[in-house]
Amino acid sequence: MDVPRRIRLLEGLYQIHADFTASLESLACRLHCDDCCTRNVTMTTLEGIYLLDGLQPVERKQLMATVRGQADQPRYRPLLTTNTLARYCLEEREPPEESHPEKIMPCPLLADRACPFYSRRPFGCRCFVSRRRCGDHGYADVDDWVVTANTVFLQTIENLDRPGCFGNFSDVLLSLDDGGAKGDEKKSPPACEAAGLLPNQPTPALMIPPEHREKIQPLLQAIRALANAS
Ligand code: SF4
Ligand code: SF4
């Protein structure tokens, strides 16, 4: 599937998820509530392309300069993609233990406690919601049902972005850094491993616990309808 079509599907998935989030009650999430905006956010390369393509050349240059300037800072680098984790679960294997940096640092893009590119932010940012302000409690208070729904979106986006890659937000952007080249001069994304990223995998099965199998049906129908219409 070509990139423009995958981008259209990605936008459709973002919209379905936005409608889903809008239906949730009692969320504490507000503008300038930024504790979830950390250097540990992850995304796919398709989402990196979507973010960068939405920027003016000068914005893109500034963004990449900022990310490059903080490239040596510690950050979470996932060991597994979501679909790889699903494979481990299906095969009843113990996944490797992920490790996070001791100190949680803010996302390199964060400015004035807000996201300058909010409409283009990746799903790893969109899926953060909490019933209580994370900063007041030290963690996000998320319903299990929301975790299930978010996982379905993560698996679907990963499946959509094949043969793309998945990894830390900064690493994905660095892998796409073409110095502002245009058209044919644009750099092709490198092999995932060479860029410190993981290759996206097909969805072996959606990770939906039995108690959510009925409740998730309208979301699955919306996702299927999107795929059929594209
Ligand atoms: S997820 Fe937490 S930190 Fe982020 S906006 Fe919501 S309450 Fe604030
Ligand atoms: S990309 Fe934007 S929404 Fe995502 S963590 Fe960074 S500042 Fe926050």
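Select Glu-92, which follows helix H4 and has a positive phi, near 55°. Helices here are DSSP runs of H or I with at least four residues, strands are runs of E with at least two, and both are numbered from the N terminus. This is a predicted model, in which local features need pLDDT of at least 70, side-chain atom pairs count only at pLDDT 80 or more, and totals for chains, interfaces and linings use all residues. Residues are numbered from 1 along each chain as its sequence is written, chains are lettered from A and ligands numbered from 1 in the order in which they are written, and side-chain values use heavy atoms, with hydrogens and water left out.

Step back to H4 itself, residues 82–90. Thr-82, Asn-83, Ala-86 and Tyr-88 are buried there (under 20% relative accessible area with a 1.4 Å probe, protein chains only; exposed is over 50% and partly exposed lies in between). Which helix do the buried residues of H4 pack against? They pack against H7, where contact means heavy atoms within 4.5 Å.

Now select H7, residues 144–160, together with H1, residues 3–22. Their axes come within 10 Å and cross at roughly 175°. This makes the two helices roughly antiparallel; angles over 145 degrees count as such, under 35 as roughly parallel, 65 to 115 as roughly perpendicular and the rest as oblique. The axes are lines fitted to C-alpha atoms, for helices over the stretch in contact, and angles run from 0 to 180 degrees between N-to-C directions. On the H1 side, color Arg-6, Leu-9, Leu-10, Leu-13, Tyr-14, Ile-16, His-17 and Phe-20; on the H7 side, Trp-145, Val-146, Ala-149, Asn-150, Phe-153, Thr-156, Ile-157 and Leu-160. By class, this contact has 12 nonpolar residues, three polar and one charged. Ala, Val, Leu, Ile, Met, Phe, Trp, Tyr, Cys and Pro count as nonpolar, Asp, Glu, Lys and Arg as charged, and the others, Gly among them, as polar.

The remaining stops are spaces. On a 1 Å grid over the protein atoms alone, a cavity is a set of points where a 1.4 Å probe fits but cannot get out, a pocket is an open set with protein on both sides within 12 Å along at least five of seven lines, and lining residues have an atom within 4 Å of a point. Grid points are joined across faces, edges and corners, and a volume is the space filled by probe spheres set on the points.

For the largest pocket, about 1,100 Å³ in volume, select Asn-40, Thr-42, Tyr-76, His-100 and Phe-128, which lie nearest its centre among 32 lining residues. H7 gives the most to this lining, with four residues.

The second largest pocket holds about 690 Å³. Cys-36, Tyr-118, Arg-121, Cys-125 and Phe-128 are the closest to its centre, out of 35 lining residues. Here H1 gives the most, with four residues, and the lining has 24 nonpolar, four polar and seven charged residues.

Finish at the largest cavity, with a volume of about 60 Å³. Its lining includes Thr-42, Glu-47, Thr-82 and Ile-157.
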